[in-house]
Amino acid sequence: MKRLLRQLFAGRVALLFLLGAGLLSSALAWVSLPKDVFPEAVFPRIEVTCDWGFNSLESTDVQVTRPLENVFKTIPGVTSVISTTDRGAATLEVYFGWTTNMTQAYQDIQTSINQIRATLPSGAVPLAVLMSPSAYPTTEYGFWSDSLSPVALRSVLRWEVIPQLVGVHGVRTVTLIGGDTPEEWVRLNPQKLDEFSLDTLAVETALRNANQVSFIGNISQGNQTFFGLSGNEFTDHRDIGGVVVATRMGKPLFLRDIADVTLAQAPHRRLIRVDGHPGAVIDITKQEGSDSLSLSREVEARLKAASAPLGLHRAGWDLSAFVQNSLTGILTDIGLAVVIILGIVLFILVRWRYAVPVILGLPMVILLELLLLKALGQTINIMTLGGISAAIGVVADNAIVLTENFVRFRSLPTKHPLLASVAEIFPLMLAATLTTVAVFVPLALTTGLTGIFFRPLAITLASTILLSLIFSLVYTPTFLSWFIRDTVPATQRERRIFEVLKHWYTRLLKASLGRPLVIVLVAAALVGGALVVVGRLPSGFLPEWDEGMVVIDLFGPSGASLAEMDKLTAPLDQLLRKDPSVAMTVRKLGTGMGTPFTSPNIDEVVVQLKAQRKESTFAFLERIRREAARVMPGVECDFHQVLADRLNDLAGTGKPITVKVFGNNWQEVWTAAREVEGAVKNVQGLNSVKINAPPQEKEVRVDVLQERAALLGLQVNDIAAYSVVAGWGAVVTSFPRGLETIPVRVLYQKQYSFSQLRNLPVYTPEGGFLPLSRLAEVHEVSAITEVQHENGSLVMPVTAEIGNRPLSDVVKDLQTQLATLKLKGASFQLSGTYANQQASFRQLVEVLGLSILLILGILLFLFESYRTALAVFLGTVASGATVIYGLALTGTALDVSSFAGLITVLGLVVNNGILVVKYIERFHRELALSEAILVAGAQRFRPVLITNLAAIAGFFPMALNWGKGGEVLQPFSMAMVSGLTASMLFSLLVMPVLYYLFHRGGEKTRTSLKKSLKTSS
């Protein structure tokens, strides 16, 4: 070791150059590292959507959904297939195990789609998406104009604004939603059709034939060749009106003679309101691994430059604002922690020169860790920054231990005190550090949501601790040689308060050695009490965080039109826009985040709150929930924050509370779901309770009488074509206009109502017409509009949001309510966040058990004595019990975050324990056991005090969430503060007493022990 240190000293100029280069590279790494709220992750879920236009639910289910379900079930690694079928649309969620190679799984899905594509109906094209945070919009901007029509607004956004965004680095997709699409409408006059004996099918045929251009070949003329085209192509409505649809009495009958041709808008399937104005929105998704902050800045700059000259008003939400606030908050916490730690070190060490290695080393290690994060493929997020913050105490500990040992050696007759002090203490530091890092290995191997969140934290924490150890060996001795140069060391003074503390600690340790069983019994009682308290702690899954952005899903009466839904939900929009906490609102009727089309009776309201507001997002939600019920009676509301809901969607957990009702008969399952819904509503703390399936809606069915139609020379499709013109209208052709393609829609001047539809004229091949009622049965039915399957079984989820009540309490009451139900023809399963929590807790218990076994194994290897290893092991495990008391006293829930904190506490506590016991063993070579314990305790008192206070200071700002945005790490930090506060007592008192208890056979009698205690005093 001394030879290595001499070589390091000899090359310190080169090493300092490397340090400077490393610090500069780290600064550059900060600029280039992607920054986001959460770590980049790919979830074991692939979503396949298939749009089949306007087709019935039954046809879509049989011809599209079922074949896709069957082929996906055969893919290796698939754990579940959940499908949702609507009219003409199918969505299949294919789940895999967390250890599955999702790149291979995605290729398997694509291969299966290609194999089955030929058997799917024409026009049904499946699209597979690998689910990750990048699959959802990260930015959404709403636009409106005082001067442009909705048609012109959409055109401007599509052709002038969006092209400016496509080239932005990191942008994956740019999607335009809303605005009006132009169409040419041919409004037929029924009386004119009757007068000239024309039917709608003849008009459609004439339009198609008149708007065709065909290639007729190359025409030669001399030495030239011409490209030959024949036919006509529409340019505007005048050309359409001039189409000859028939001849009567030797004269052409033009389309304008029997119809009005006007420029109109396509029928609305969705409606966008931006801050109360008719408008359109642009959704932007980012590429995997791109930097959200730089992407957002570039997008904002380009949108501003593109929209300002056009006079467009713009409002939007951007997750990068939350990213920026969260990262700024965590960085603020880290900065505060560093300042507090340096203050503690300066205060306790008295001499500023002794504190310089910590002052220099702490920020340098933090900066160098950024370069290491880039090498490890990590990103800048709240978890990696949390790992750096968690390691600050150990980083300071390494520098403090080296400094303390050097100061002690300088007062001894040693030729090279710096080399000797480092050579003596570094092997102990290496053993303690490797033991600490080993504890984090199981946490770094976790899967599921726990792994997504806490694997980066464990990797960052372990790598920072290892980096700190290397830094301490390579650079800290150089700093010590520069700043502590006295040839004769000055007497190190301690502040009076620490002299008093050490004096009382020594007296307590003496008394404890005299009665070791009392200390053991007290520690055992603490552990036993913790086992009782932990069962009464509120539990949850992940802490909630204050995003500042809210999504309100509104569900109107079944069958309500877009216009009716717009009227019903407008009062809430007006209320929100007047609210002092609201910055902007975007209402999307008939569409939603990640869903191109929804039912017309669904309205999604995105609310961006102001950065400077008086209330939290949670308080805003509670207040608006009450006001929404007042201004919109009869409209169901579902309130949630964007990221929390998106995380549940990505993981496939759905809502926080989900009760899946299974069965084979839709009506029985619906009845059972209504009973479950009633039970869920009886549970205190649950809101937004609803059955996640629409009720039956009214449909108009035109059932063709095939025999009667056939006798008249009509096919079923002929009668359907007449019905389309009477309703939605039929798009029969299209033509280019500038950069756009304009559809031509044929419909009647007045849309037929349900009662009028029976009198719709249907023309026969022989001439004349019959009313539709003579050829078909026109009637109203109640129909299912959506059906869900899970692994082939019919399922109907009942979902709910959790208010201000712990998840464990809610689930306990819910299970009591559900136990009273007696469902007929159906069964239920409790799912949602609760299921994820249970799976994560099981995994964390396994991680905790493996970490404990690793600690014991390493201690046995390190000390080569099961008694010594057992002393450190029991003291370490017992210290973890104090975390439970800390959580109980602060009202912190036992969730994934605090559970991970408990595991981390063990890793940091064992570090101190190893050093204390190693000192005892070293002094025991020359002193009696009791004297060695007392001397070692006194020797390690100040370093343990400093390092624990430093570690506590590192977590204290995050525990109080001073910087804001780090709510996910708040329970983790609270657990760390609780455990580290008590760990000083366990490291300095319980472990030495256990060591004495297991080794006191070396003392001859109790009398000799008392004499030894008296002598050492």
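Two strands count as paired if DSSP finds at least two bridges between them, and the elements themselves are DSSP runs numbered from the N terminus, with helices (H or I) of at least four residues and strands (E) of at least two. The model is predicted, so local features need pLDDT of at least 70 and side-chain atom pairs count only at pLDDT 80 or more, while totals for chains, interfaces and linings use all residues. Residues are numbered from 1 along each chain as its sequence is written, and side-chain values use heavy atoms, leaving out hydrogens and water.

**Exercise 1.** Determine in which order the four strands form their open sheet, and which are the edge strands.

*Solution.* Begin with strand β5 (residues 139–145), which pairs with β16 in the antiparallel sense over seven bridges; here Glu-140 stands opposite Trp-317 of β16. Next, write out the whole order, which is β6-β15-β5-β16, with antiparallel pairing. Finally, look for strands that pair on one side only, and these edge strands are β6 (171–178) and β16 (312–318).

**Exercise 2.** Describe how helices α19 and α20 cross, and which residues make the contact.

*Solution.* First, take the axes (lines fitted to C-alpha atoms, for helices over the stretch in contact, with angles from 0 to 180 degrees between N-to-C directions). Those of α19 (residues 562–578) and α20 (residues 617–631) come within 10 Å and cross at roughly 140°. Then list the contact (heavy atoms within 4.5 Å): α19 contributes Pro-571, Leu-572, Leu-575 and Leu-576, whereas α20 contributes Phe-620, Ile-624, Glu-627, Ala-628, Arg-630 and Val-631.
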